[in-house]
Structure formats: C-alpha cells, structure tokens
Amino acid sequence: MAGSGASTRENILASSPFSELSGKISTRQARAGVIGLGYVGLPLAITLARSGFAVTGFDIDPGKKVALDAGHSYIEAVTNDALKSEVAAKRFRATIDFSELAKCDVIIICVPTPLTKHRDPDLSFVEATCRSIAAALRPGQLIVLESTTYPGTTDEVVKTILEKTGLKSGTDFFLGFSPEREDPGNRDFQTATIPKIVAGDGEKARELMQAFYGAAVETVVPVSSNATAEAVKLTENIFRSVNIALVNELKVVYAAMGIDIWEVIEAAKTKPFGYMPFYPGPGLGGHCIPIDPFYLTWKSREHELPTRFIELAGEINSAMPRHVVGKLAEALDIRAGKALSRSRILVMGLAYKKNVPDIRESPSLRLIEIIEERGGTADYHDPFVDEIPTTREYMMLKGRRSVDLDETSIRSYDAILISTDHDRVDYAALARWAPLILDTRNIFTRLGLMAEHVVKA
C-alpha cells in the first residue's frame, strides 16, 4: 500500500501543470501565442518560430493578418523571406480570433502602453488583452508581459485579472515579465542576439521563463522578481532620457557662449573611460524614451517620493521642438528678413530616427504643429514615410504626403528644417538649392557641407 501511495504521488507530480508545460517547452512542443504584431511582437514571433516553436500571432488589426498571410512584412526587422519561410513551414500564422488563445501554452503580451493627456500610464490595452486571455485561460499556461510599464504591473494588474478566473498563479498557470529590447533600424542586433531579462511570479514561473526564452535567444538574464525586471527596462530608458536632456540643455547654454556642442561631444568622446557620448536633437521620439520615464514618476507618487531628475529631463526634452522652431523663426528674420508666419518650411524626416519608417512620438510631428500654430506652412519629405497615418495626438496631419525633392521644390521653400538625418537624402543638393537650412542633427558638418546659409539648432 505504501508503494502504491508513493507511485500515486509521483504520477500527480509528473502530470502537474508545471511539469507538463516544462516538458512541452524543452521538446519545442509548446505553442506560443504573441499578442500584438508590431515592432516588438512580430520580430519576437518569427524568432520563436525559427527556434522551433509553433507560433500564433494575434492582432486586432485585420490588415496585419492580410499582409502576413500574403508574406508581406511591415516591420523592417523581419524580412519578407524570413516571414514566408516560417509561414511555409507552418511554424507561424496570424489570426484575429482570440478564442485561439486556449490552444497556446505560452502567451506573450506585446501591446502598447501609452500615456494619457496628463502623462499618467494608460494600461487599457494591457487590461483588455488580459481579459481576453482570462476568457481562454486554462491550467498549464505561461503568461508573459513584455510591454514596458511601471514596477508592479505584472503582479498587481495582470495577475489580478487572470486570478479572477479562479485559477492561481504559480499553481495552475504561471506568470512572468520580460522587457522588450528592440531597436528599430539597428542592424547590429536582432531579437535572438539581444540579452533577454526574464523574471517570474515564483521560482517555477522563473524557471519556465528561463527555459522558454533560453530556447530562442542566445543569452537569458534572470532577475529576482517581475517588479525588478520592470524596473530594469525603465532604468535603461531613463538613463537615455536624462543624458539626452543634459546634452540638449548644454546645446542651448553653449550656443549662447558661441560654442558648438557637436564639436565638444566629438572631442569629449575621445576619452577612453568615464564618458559616453549622447547627442542633442529636435526632441525625443519612439515609444520608449519619451514615455517610459513617466511610468516611474507616476508610480513614485504612491510612495510619496519625488523624481526630480526624471521630470526635469522630460521637461527639457519636451521643450526642444519649441526651441527649434524659435531658432527657425530667428534665422528667417535675421537671414531672410521674413516672418515665420509668412514662410513655407520643409521638414526633412518624419520618422523619429534615421533610416526607419517609425513615427511613434516623433518630434517632427510636433515641429509641424508648432510651425503652423505660428502661422507658417509646413510640408515634409521622408523617403520611408509616404503618408502620415492616423495618430493619437496629430489627427489633423493624417493623410499628408511626403513631397518630392527636386530643384524647383527645394527652392520654393523659405527654409529646410532637418529633423531626421536619413541617409537616403541628397544633402549636397539641399546645400546647393535651399535658401536657408536649419540643421538639428549636425549632418551638414559631418558631410563637409557647412555653409553660411546652414544654421545649427
């Protein structure tokens, strides 16, 4: 009888949700579901598929499913050939049917986490996604949040919604957080080669997280808790935000002294220790750096603690577009004797960084808005963005199209404002034909094209 009881206990342990899921992951039999097929979700889904997992991609946008079914990738980090290969091998498919979440053993949330108008966290996409998962939740699933957020979100928000089903984290299902680390346009790193931070709600969840991501990426870095992993992501982006704010402030101060910030940085970065170069610009763009720091400032209020550095950095960076337009108005007045309110301006580059089509939080949109608020006319040219899509904050710009560049069009503008320094632009032609150029990226100095009518801003 004793032997029979021991055998029964062994069978129970062998068939536990943890052991079953662990076995599926180790043999690549686990089906992964990735919710949100954007800049984070689609590269992750293809990386998981390439590592041998069957992957279902979920998105609420039917247009994405149509494109993916046709083998067309709308994300630069995923080539059409890579996409077609995984679709043909039946390792990847896209759907808008969220009831299929019940078939997935690992579910990864890669949805937006924007800010409200008052710069408070907007977790509506995460919460709605969690409710969809809860409707299909079953024992033996690993649920992972990758969306950037404040420390505590995974355990306080995601877990709470999922446990309303009656299933318990750490026993029936498992919960983890692994921050995304995508860098659009950076060809030196891919999803599989970027070290992956992982954490879980308890030891079993953390073990599953290490096993799952370890099967797809080269390096996994486990940390002690989901909150710690959430803090890692915020720290990375706050570091960049604060340092960019510093050089933006130095740019203004040094300009008043007749000192070129770009020359200062080039000289300073020759120091082989104790210095890392950051560069000024017309403002911050992308989903992470302009937004993520405010998640921590919001959360810190709960503990009655100030975040002065973070908030000051946000103020400085947010003020840059208006500073740049002020320099533009000054240059037009002094060099052309013309008011901004009577001028036509061409903004070069709509994307937030060079050589990508990503316009999320792009300062170029704000620049256009400010120029037109002051009575000027603003068009844009971007070789990667043919038309301005629907955005949350700039609906009035929707549908505007990139203008073509030729001698006639360039000469028709009173000034060219360099906001994004894409490589696919003939800057020599701009230098020849534009009456006035405001350069926020130092591209004309870097190309040896500085001239009297090129003004740094």
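Colleague: What should I know about the model before we start?

Modeller: It's a predicted model, where local features need pLDDT of at least 70, side-chain atom pairs count only at pLDDT 80 or more, and totals for chains, interfaces and linings use all residues. Residues are numbered from 1 along each chain as its sequence is written, and side-chain values use heavy atoms, with hydrogens and water left out.

Colleague: At what angle do α11 and α12 pack?

Modeller: About 140°, with the axes of α11 (residues 292–301) and α12 (residues 308–336) 10 Å apart. Axes are lines fitted to C-alpha atoms, for helices over the stretch in contact, and angles run from 0 to 180 degrees between N-to-C directions. Helices are DSSP runs of H or I with at least four residues, strands are runs of E with at least two, and both are numbered from the N terminus.

Colleague: What do you call that arrangement of α11 and α12?

Modeller: α11 and α12 are oblique to each other; under 35 degrees counts as roughly parallel, over 145 as roughly antiparallel, 65 to 115 as roughly perpendicular, and the rest as oblique.

Colleague: Which residues meet there, in α11 and α12?

Modeller: From α11 you have Pro293, Phe294, Leu296 and Thr297, and they meet Ile310, Glu311 and Gly314 of α12. Contact means heavy atoms within 4.5 Å. By class, this contact of α11 with α12 has 4 nonpolar, 2 polar and 1 charged residues. Ala, Val, Leu, Ile, Met, Phe, Trp, Tyr, Cys and Pro count as nonpolar, Asp, Glu, Lys and Arg as charged, and the others, Gly among them, as polar.

Colleague: And α6 with α7, how do their axes cross?

Modeller: At roughly 30°, with the axes of α6 (residues 124–136) and α7 coming within 9 Å. α6 and α7 are therefore roughly parallel to each other. On the α6 side the contact uses Val126, Glu127, Cys130, Arg131, Ile133 and Ala134, and on the α7 side Val157, Val158, Ile161 and Leu162. By class that contact of α6 with α7 has 8 nonpolar, no polar and 2 charged residues.

Colleague: Switching topic: how many salt bridges does the count come to?

Modeller: The count is 31 salt bridges, where a salt bridge is a side-chain nitrogen of Lys or Arg within 4 Å of a carboxyl oxygen of Asp or Glu.

Colleague: Which residue does Asp105 form a salt bridge with?

Modeller: Lys24, with the closest N and O atoms 3.0 Å apart. The pair links distant parts of the chain, 81 residues apart: Asp105 is in the loop between β3 (92–95) and β4 (106–109), and Lys24 is in α2 (residues 17–26).

Colleague: Is Asp105 buried or exposed?

Modeller: Asp105 counts as buried, at 4% relative accessibility, while Lys24 is partly exposed at 30%. Buried means under 20% relative accessible area, exposed over 50%, and partly exposed in between (1.4 Å probe, protein chains only).

Colleague: What about Glu372, where does it lie?

Modeller: Glu372 lies in α13 (residues 363–373), and its partner Arg400 is in the loop between β10 (377–381) and α14 (407–411), so the pair ties together parts 28 residues apart in sequence. The closest N and O atoms of Glu372 and Arg400 are 2.8 Å apart.

Colleague: Which residues are linked in a network of salt bridges?

Modeller: Arg322, Arg366, Glu369 and Glu373.
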